[in-house]
Amino acid sequence: MTNNGTNKENCKRKDALISYLWAGPSLILIALIVVFPILYTAYISFTNMNVYHWNNYEFVGLHNYVNALLVFDSGFLSALLMTIFWTLVNMVLQLVIAFVLASLLNIKKLRLRNVYKTLLIFPWAMPGYVSILLWKTGMFNSQFGLLNQFLAKLGKEPVRWLGTNTMAFISCTVVNLWLALPFMITIIDGALQSLDKSYYENALLEGATWTQRTRYITVPMIKPIIAPSVVITIFTTFKQFDVIYLLTQQVGSKTGSSLHTILTYAYENAFITNNYGYSSAVSIIIFALLILFTILGERGGKGEKA
Amino acid sequence: MKRKIAWLLATIMILSLSLCGCGNSAAPVSEEEASTITIWHDKEDAVIQVLQKHLEELCPDVTVVLEKKSNLTEALKMVGNNPTAAPDMYFFAHDKIGVYAEMDILQPITEIIPREELDPYMGNTLEAATYEGQIYQLPIYYETLLFLYNRRYMPDDAVPSTTEELYAYMEAKTNGGHYGFVEQHSTPYYAAGWINGFGGSILKEDGTPGLDDESTIAALEYHKKFASLMPGETEYATVNTLFNEGMAHSTIGGPWLIPTVRESGMDVGVAPMPVIDETQTPISPYMGVQGIQVLKLAAERKPQAVEQVLRACMDQQLEIDLALASGCAPAREDCYSEAAIAEDEVVMAMKETAEHAVPMPNRPEMDVMWTVTGNLLTDVNMSGKDVAESAAKAQEEALQLIEAMK
């Protein structure tokens, strides 16, 4: 009996070891691509590596972190609040619009369903950089943009769509939705298709309205399916840089808006200095902030489940 | 069998990954390597073809490889001191010299070519190539912004010679989607001409910002009224399209704009920069000098080939041919006595502008000044903020960022 138990344990250990061995190459790749850059950034953050000490950089302890705290001033705090607001607005809009569109795609007897799906997925197929600049020049440009061309036809004055913080926030949100909706629609569409139709048949027999069916069947059932994607999107939105930077802050084509998320703020106040030690310290602090938000988010999620 | 193949693949993968980055050791230079010079550049084909032809003729013993790099400045930072990955020279504007000199990857040119042999070069091109008293670039040609006008709307006799004449023209002609004059008013490279014309500066020679100097503030105040008669968005594409489509009668743009507008059928004129009434100095744009920089590693490992290539690049005929092929203004003063050059309207306009142009600062501090000055210009010209307050705030930010660089 004891021998049998030991043998089984040995077999289990051997299996576990073999599993790790097979996963080894992938783990090494992950270590090189994900873990190593983080560790290296952390290492650089404790040195004075910059253009003045490129080959002869030294360990400077927490010096960069002390300096980095200067970046986290009132400007950073307002950028942080703006980032949270930006994430909230974008996530609410994304979920609502994606849910509505995915529900429409799931209407029975809908004709040309695949055509609509292809059109809706199209923004995803284009590189984000190209899409953003196309929106900037093709839609928002005050001289040649489509929006002002429409206004001109209606006899209205041209509008500077990216000229003020409020207008820039709205315009950036529109572009971000254009870029992000295909992913969310695909996920919700998949979730909707996986639902058991018998629940709806029962609900219909009970006389449930569309709102009641959505509230008591659809939403609770798709929630666990789309949750991981929502979490991923929250973080993609939170650390958004391209949309805001390319639309409003690119050097040589600033628009007058001073809208900042934490990343664009850190870029303007740290990364342009070519001080790699200092910039790494700022990156590590932002990384720690993101980890903190993840933990808080997970705790919130668990609390809700309980 | 499958298991064996999988093991083999995994071993190869691990070995190849672990070998990554092991090629950093400085091996002795073979004869073939010593006679091969790699030059990174970011230039258009017309320029490179002329350079390649001249180098083949003048340095038959050296194999010169001209390699176009899209992100040259960042790539150099990464591999500048790696003998297996770094180029031997690079052909680029002078404004990054300070960064690379501080990184200790550049060799002063005068340690290869005696200083007196550089006497034929225009003084301001050598000034541009100098950082902390050392000349790090062999100038080949330079660029300045030019005052360009569309003869269809602005006849030669209506070209403003002063900034007040320009303002009067703008007031008279700016309406119904047409503009008398447009420029990238909130981009530091373009606004620098106005600031320099007032005696102000974005970055002083000693590396301190000059954004809240009285003369800089005066320039920003004066320039603001011109910006108010231009469209709100004035990035590169909008300004060039307005001029190209005939919706803007005149502009300040680079020589690179001329072939495009000529292709569109425009009769484009090039005039001297208007004189600023307040200071009696013309708008004085930045001057960018394009030339050859030598990496320290190459100077140590391939001294003979490096010297041969540099001497070939000093050839007067090379600069003349580049001017004829691509409108590049020669850095050598003696080229301008050649009839072919003296007859070239664009090259001679650049020469005239260069008399007042200011070499773009080549100090590392300039990297942060572009962003800070861009924000200041946007605050003043586009958000209507108070000039003095915005300048003081920008100066403080610039000082903080410069401190953070060190």
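The cut-off for exposed is 12 or fewer. The model is a predicted one.

Now look at the surrounding backbone. Glu132(B) sits in the loop between strand S5 (130-131) and strand S6 (134-135) of chain B. Check its backbone torsion. Phi of Glu132(B) is near 50°, a positive value in a residue other than glycine. Most residues other than glycine have a negative phi.

Next, select Gln280(B). Phi is positive here too, near 60° for Gln280(B), again in a residue other than glycine. Gln280(B) belongs to the loop between strand S11 (275-276) and strand S12 (281-282) of chain B. Buried or exposed, which is Gln280(B)? Gln280(B) is exposed, because 9 other C-beta atoms lie within 10 Å and 12 or fewer counts as exposed.

Move on to the helices. Select residues 366-381 of chain B, helix H17, and residues 387-405 of chain B, helix H18. They pack at an angle of about 165°, and their axes are 9 Å apart. That angle makes H17(B) roughly antiparallel to H18(B), because the cut-off is over 145 degrees. The crossing of H17(B) past H18(B) is right-handed.

Show the side chains of the contact. On H17(B), pick residues including Val368(B), Val372(B), Leu376(B) and Val380(B). On H18(B), pick residues including Ala391(B), Ala394(B), Ala398(B), Leu401(B) and Ile402(B). Colour by residue class: the contact of H17(B) with H18(B) has 12 nonpolar, 2 polar and 2 charged residues.

Methods
Residues are numbered from 1 along each chain as its sequence is written. Chains are lettered from A and ligands numbered from 1 in the order in which they are written. This is a predicted model: local features need pLDDT of at least 70, side-chain atom pairs count only at pLDDT 80 or more; totals for chains, interfaces and linings use all residues. Helices (H or I, at least four residues) and strands (E, at least two) are DSSP runs, numbered from the N terminus. A residue is buried if 20 or more other C-beta atoms lie within 10 Å of its own, exposed if 12 or fewer, and partly exposed in between; C-beta atoms are placed from the backbone. Axes are lines fitted to C-alpha atoms, for helices over the stretch in contact, and angles run from 0 to 180 degrees between N-to-C directions. Angles under 35 degrees count as roughly parallel, over 145 as roughly antiparallel, 65 to 115 as roughly perpendicular and the rest as oblique. A crossing is left-handed if the near helix is turned anticlockwise from the far one by less than a right angle, and right-handed if clockwise. Two residues are in contact if their C-beta atoms, placed from the backbone, lie within 7 Å. Ala, Val, Leu, Ile, Met, Phe, Trp, Tyr, Cys and Pro count as nonpolar, Asp, Glu, Lys and Arg as charged, and the others, Gly among them, as polar.
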